[in-house]
Amino acid sequence: GLRAAEQARQDDIAQIKADNCEQSRDVLARLTLKNRIRVKGPDGGYTVMPEDERQQRISEAQENIALYCVPA
């Protein structure tokens, strides 16, 4: 019935949030563990991510963690 469908939808949302949470934590860990983040450029070569971009991505990852990692 409708309740089952709604519950399934809630479960899907919870699963998506959990996945996003984990992914954001991985990203944050990678960005904070290493000072020099190598990023693949369009030409296939690697360059070091500029510090301002690294800080920007850390902020985004922290915001995503706050959004998706709801305390159980």
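Helices are taken as DSSP runs of H or I spanning at least four residues, numbered from the N terminus. In this predicted model, helix α1 covers residues 2-33 and helix α2 covers residues 51-68. The two helices pack at an angle of about 150°, and their axes lie 8 Å apart. Because angles over 145 degrees count as such, α1 is roughly antiparallel to α2. The crossing of α1 past α2 is left-handed.

On the α1 side, the contact includes Lys 17, Cys 21, Val 27, Leu 28 and Leu 31, while the α2 side includes Arg 54, Arg 57, Ile 58, Ile 65 and Tyr 68. Classified by residue type, the contact of α1 with α2 comprises nine nonpolar, five polar and four charged residues.

The count of salt bridges comes to three. In helix α2, Arg 54 and Glu 51 are three residues apart, about one turn of the helix, and they form a salt bridge whose closest N and O atoms are 3.0 Å apart. Arg 54 is buried at 9% relative accessibility, whereas Glu 51 is partly exposed at 40%.

Glu 53 and Arg 57, four residues apart in helix α2, are likewise separated by about one helical turn. Their salt bridge has its closest N and O atoms 2.7 Å apart. Glu 53 is partly exposed at 30% relative accessibility, and Arg 57 is partly exposed at 35%.

In helix α1, Glu 6 and Arg 9 lie three residues apart, about one turn of the helix. The closest N and O atoms of the Glu 6 and Arg 9 salt bridge are 3.3 Å apart. Glu 6 is partly exposed, with a relative accessible area of 35%, and Arg 9 is partly exposed at 44%.

Methods. Residues are numbered from 1 along each chain as its sequence is written. This is a predicted model: local features need pLDDT of at least 70, side-chain atom pairs count only at pLDDT 80 or more; totals for chains, interfaces and linings use all residues. Side-chain values use heavy atoms; hydrogens and water are left out. Axes are lines fitted to C-alpha atoms, for helices over the stretch in contact, and angles run from 0 to 180 degrees between N-to-C directions. Angles under 35 degrees count as roughly parallel, over 145 as roughly antiparallel, 65 to 115 as roughly perpendicular and the rest as oblique. A crossing is left-handed if the near helix is turned anticlockwise from the far one by less than a right angle, and right-handed if clockwise. Contact means heavy atoms within 4.5 Å. Ala, Val, Leu, Ile, Met, Phe, Trp, Tyr, Cys and Pro count as nonpolar, Asp, Glu, Lys and Arg as charged, and the others, Gly among them, as polar. A salt bridge is a side-chain nitrogen of Lys or Arg within 4 Å of a carboxyl oxygen of Asp or Glu. Buried means under 20% relative accessible area, exposed over 50%, partly exposed in between (1.4 Å probe, protein chains only).
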